[in-house]
Amino acid sequence: MAGIYIHIPFCNSKCAYCGFYSIPSFKLKKLFLEALKAEIVSRKDYLQDKAVNTIYFGGGTPSLFSINEISDVLHLINRHYPITPNAEITLEANPDTLSLEYLKALRQLGVNRLSIGIQSFFDNDLKYLSRRHDSQHARHCIDWAKQAGFDNISIDLIYGLPSSDAEQWNKNLDIFFAYSLPHLSAYALTLEPNAILTKQIELGKVPPINEDDTLRDYEILCQRAAENGYLHYEISNFCKRGMHSKHNASYWFGTPYIGFGPSAHSFNGASRQWNVSSVERYCEAFVAASRHCEEERRSNPGKELQYLDCFVPRNDAKRVQEPVIEKEQLSPEQQYDEYVMLRLRTHWGIDLKWLKREMGERFSTYCEQHAQPLIAEGRLSQTREFLYLTDEQMLFTDGVAEELFWGN
Ligand code: SF4
């Protein structure tokens, strides 16, 4: 099995806390679509005909794309990739772009999972985060999504907000549980290096994040999710039985995936590659390559052309330093580190038997030996051949993973 990710890099405006790659301008939208289509067609060999069971439109704000635009992209993917009949097709949506009509059309297109960026049901939080919607509209969107026929709905909430307190966070969760939605992604507010919020806090314009409050909210979240029958299956993700995001799970299980669009990553089991984080450079390269390929094909009809060979060499020395696609071949040790990092984030944890079978005994032995002091300190748990983190331990995943990394 394999997954497809499409990064739509446009937003109506930039939220204060945002660390994702997106731009608040639509000047390049038309050109971007041309480049995206060229990339989808040209990289079809990457997944080597593996059946695709998840498609994920992320961003940015994919719901800024019209129904026709999303339909075009889906048709193209269906034409060039073997999509399984019940594939999970997710679209991330922001409330300020949604209407009942749009959601109905989206559902009819075959999009069967919706992830809505609600972030909070309280206006003071939404203002702190500089979101464009208000709490009333957030609620309308959930109602519309249900009315439109979506039964696989996830919402995002953010905790640890200086604009909130324990009571308000509990009320946010009350509202979520009352909707009985199958999935919740809840993120701790963090300061991203280039985010507007980071600057605002530095300048004292808005109150700073308090780590104790973040921890308090996280504990409330874990406890209330468990009480309400939600499985805490990844640091930031909770679901009803069987309703986890299949697409995101493929990242944690090492399933191959291909990412289209600027800043999108791809993984084929042994190497990773990622596209440049610039809409401009992405468009320039893929559109130029696609047009150049077309010309070559016209003038040399039978000639076999590798699409990536068609990238036009650049003269601009400064830009050449940043390639459009970068690639990293992973050594077995790096693959081991990735496995440890990704699996510790999940409730499935590290499977020592799998490690031994797939990567060799030296890795499973190394991991088990290095796990012992962490287990003794209560920072890691073990049940039979699985090493995992409990709710309380999960907040400190990075530190634990580092101590299990190869060479430590
Ligand atoms: S809508 Fe999402 S991607 Fe766009 S700026 Fe806000 S947080 Fe970032």
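Modeller: A residue is near a molecule if its C-beta atom, placed from the backbone, lies within 6 Å of it. This is a predicted model, in which local features need pLDDT of at least 70 and side-chain atom pairs count only at pLDDT 80 or more, while totals for chains, interfaces and linings use all residues. Residues are numbered from 1 along each chain as its sequence is written.

Colleague: Which residues are around the ligand?

Modeller: Cys11, Lys14, Cys15, Cys18, Phe20, Ser22, Gly59, Gly60, Thr61, Asn94 and Gly117 are the residues around the ligand. By class, this shell has 4 nonpolar, 6 polar and 1 charged.

Colleague: What is the peptide bond from Gly59 to Gly60, cis or trans?

Modeller: The bond from Gly59 to Gly60 is cis, with omega near 25°. Most peptide bonds are trans. Gly60 lies in the loop between β2 (52-59) and α2.

Colleague: What is the phi of Ser130, and where is Ser130?

Modeller: Ser130 has a phi near 55°, a positive value in a residue other than glycine. Most residues other than glycine have a negative phi. Ser130 is placed in the loop between α4 (123-128) and α5 (135-147).

Colleague: How many helices and strands does the chain have?

Modeller: The chain has 16 helices and 15 strands. Both are DSSP runs numbered from the N terminus, helices being H or I of at least four residues and strands E of at least two.

Colleague: Why are α1 and α2 called roughly parallel?

Modeller: The axes of α1 (residues 29-42) and α2 (residues 67-80) cross at roughly 15° and come within 10 Å. Axes are lines fitted to C-alpha atoms, for helices over the stretch in contact, with angles from 0 to 180 degrees between N-to-C directions. Angles under 35 degrees count as roughly parallel, over 145 as roughly antiparallel, 65 to 115 as roughly perpendicular and the rest as oblique. The pair α1 and α2 is therefore roughly parallel. Their contact involves Leu33, Leu36, Lys37, Ile40 and Val41 of α1 with Glu69, Val73, Leu76, Ile77 and His80 of α2, where contact means C-beta atoms, placed from the backbone, within 7 Å. That set divides into 7 nonpolar, 1 polar and 2 charged.

Colleague: What makes α12 and α16 roughly antiparallel?

Modeller: Helix α12 (residues 332-344) and helix α16 (residues 397-404) have axes that cross at roughly 150° and come within 9 Å. The two are therefore roughly antiparallel. From α12 the contact takes Val340, Met341 and Leu344, and from α16 Thr397, Val400, Ala401 and Leu404. It has 6 nonpolar, 1 polar and no charged residues.

Colleague: Why is α14 called oblique to α16?

Modeller: The axes of α14 (residues 361-376) and α16 cross at roughly 135° and come within 9 Å. That makes α14 oblique to α16. Cys367, His370, Ala371 and Leu374 of α14 meet Val400, Glu403 and Leu404 of α16.

Colleague: How do you know that the radius of gyration agrees with a compact globule?

Modeller: The globule rule is 2.2 Å times the number of residues to the power 0.38, with the radius taken over C-alpha atoms. For 408 residues a compact globule would have a radius near 22 Å, and the chain has 22 Å, so the two agree. The C-alpha trace spans about 65 × 55 × 45 Å along its principal axes.

Conventions
Nonpolar A, V, L, I, M, F, W, Y, C, P; charged D, E, K, R; others polar. Contact = placed C-beta atoms within 7 Å.
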